[in-house]
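Subject: Structure handover

Hello,

Here is the structure for you to look at. Please open it beside this message. My notes come after it.

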Amino acid sequence: MADITAAMVKDLREKSGAGMMDCKKALNETAGDMDAAMDWLRTKGLAAAAKKSSRTAAEGLVGIAVSGTVGAAVEVNSETDFVAKNDQFQQFVREVTQIALATGDDIDAIKAEAMPSGTTVEEVLTNNIATIGENQSLRRARRLEVGKGAVVPYVHNAASPGLGKIGVLVALESDASDEVLQGLGKQLAMHIAAAFPQALNEADLDPELIERERAIAAEKAGESGKPAEIITKMVDGAIAKYRKENALVSQLFVMDGKTKISDVVAKAGKDAGAMIVLKDYVRFQLGEGIEKDASDFAAEVAAVSGVPQNTQPEPTA
């Protein structure tokens, strides 16, 4: 048997896009011959993933799961919305969400974990790409935990239990009853889904976002022709407004349009006779921040099917 090195496995994995264990098996089956190993992977349908890895995957599903005082959210992307309705894909997202619940946020660590089938998340993902026929990716994960209280889940327009296009987790730390925390958490989660806060507190807002908004505000204020000291005040006022509108605790509750979220939480705690602290939240929206390719779907279908597309211009009147 040929001596299969880690470097050989890595090289084949990069060339084929197949999983690590599949690459190792291919090299063992072909006595270390790289070209033959690639052919072996292709015959098994495992190298197909490499051809699809460059295609934009901005559809898919967000998965949400909670166990006790721990919650997790993951986003798994695909190329088309059709795949989100696929049972194989949905089951994969459910299982990966449960792994994130136990493992944490690190994508590489999640990919290395074994799924119920015994194979790793990364290997199953590679196989799914080959069998379903679309590029897919485990894009991100987030895990929340509180010492006491509740992590409350919410999925907007759920495609299936725990799966949808917008997933929210709300972490509430308190000695209040679970009934109170679940009710409050659900309302806050619905607000978060609708209002899209950028951070929990004003201090947590991304400094780059603030600087970008400051530049925009300065340009607008500069067009007013007012004195420099007035322009400075205008810019500072615009940034203060931006901070309040984009930090969750200072946003106005969408249910009434006038009460700050911090006051909603404080009142709920007062009514329950136990302080409630909004510790953290997660909001995953499918495809958020992914630049989608503008593609001609008819042309893609024609190319795959081998049927030439009619490129003749439309007749003019």
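First, a caution. This is a predicted model.

Overall make-up

The protein chain has 13 helices and 7 strands. It runs to 317 residues, and 41% of them are buried. I also looked at contacts between residues at least 6 apart in sequence. Of these, 64% join residues at least 24 apart.

Helices H1 and H2

Start with the pair formed by H1 (residues 6-16) and H2 (residues 20-29). Their axes lie 9 Å apart, and the packing angle is about 115°. Angles of 65 to 115 degrees count as roughly perpendicular, so H1 is roughly perpendicular to H2. The crossing of H1 past H2 is right-handed.

Which residues make the contact? H1 supplies Met8, Val9, Leu12, Arg13 and Ser16. H2 supplies Met20, Cys23, Lys24, Ala26 and Leu27. Sorted by class, the H1 contact with H2 holds 7 nonpolar, 1 polar and 2 charged residues.

Helices H9 and H12

Next comes H9 (residues 178-195) with H12 (residues 261-272). Here the axes come within 11 Å, crossing at roughly 170°. An angle over 145 degrees counts as roughly antiparallel, so H9 is roughly antiparallel to H12.

On the H9 side, the contact is made by Val180, Leu184, Leu188 and His191. On the H12 side, Ile261, Val264, Val265, Ala268 and Ala272 take part. How many charged residues does the contact of H9 with H12 have? There are no charged residues in it, against 8 nonpolar and 1 polar.

Arg140

Now the arginine. Arg140 sits in strand S3, which spans residues 136-145. Its side chain has two polar links to report. One is to the side chain of Glu75, a polar contact of 2.6 Å. The other goes from the Arg140 side chain to the backbone oxygen of Gln285, at 3.1 Å.

What else does Arg140 touch, leaving aside neighbours within four places in sequence? Its contacts include Ala73 and Val74, along with Glu75 itself. Ile107 is another contact of Arg140. Phe284, Gln285 and Glu288 complete the list.

For a quick look, Arg140 with Glu75 and Gln285 is one place to begin. The H1 and H2 pair and the H9 and H12 pair can follow.

Regards

Note on methods:
Residues numbered from 1 in each chain as written. Predicted model: local features only at pLDDT ≥ 70, side-chain atom pairs only at ≥ 80, totals over all residues. Heavy atoms only, no water. Helix = DSSP H or I, 4+ residues; strand = E, 2+ residues; numbered from the N terminus. Polar contact = N/O pair within 3.5 Å; in protein donor to acceptor, adjacent residues only side chain to side chain. Contact = heavy atoms within 4.5 Å. Axes fitted to C-alpha atoms, helices over the stretch in contact; angles between N-to-C directions. Parallel < 35°, antiparallel > 145°, perpendicular 65-115°, else oblique. Left-handed = near helix turned anticlockwise from the far one by under 90°. Nonpolar A, V, L, I, M, F, W, Y, C, P; charged D, E, K, R; others polar. Buried < 20%, exposed > 50% of the residue type's maximum accessible area, 1.4 Å probe, protein only.
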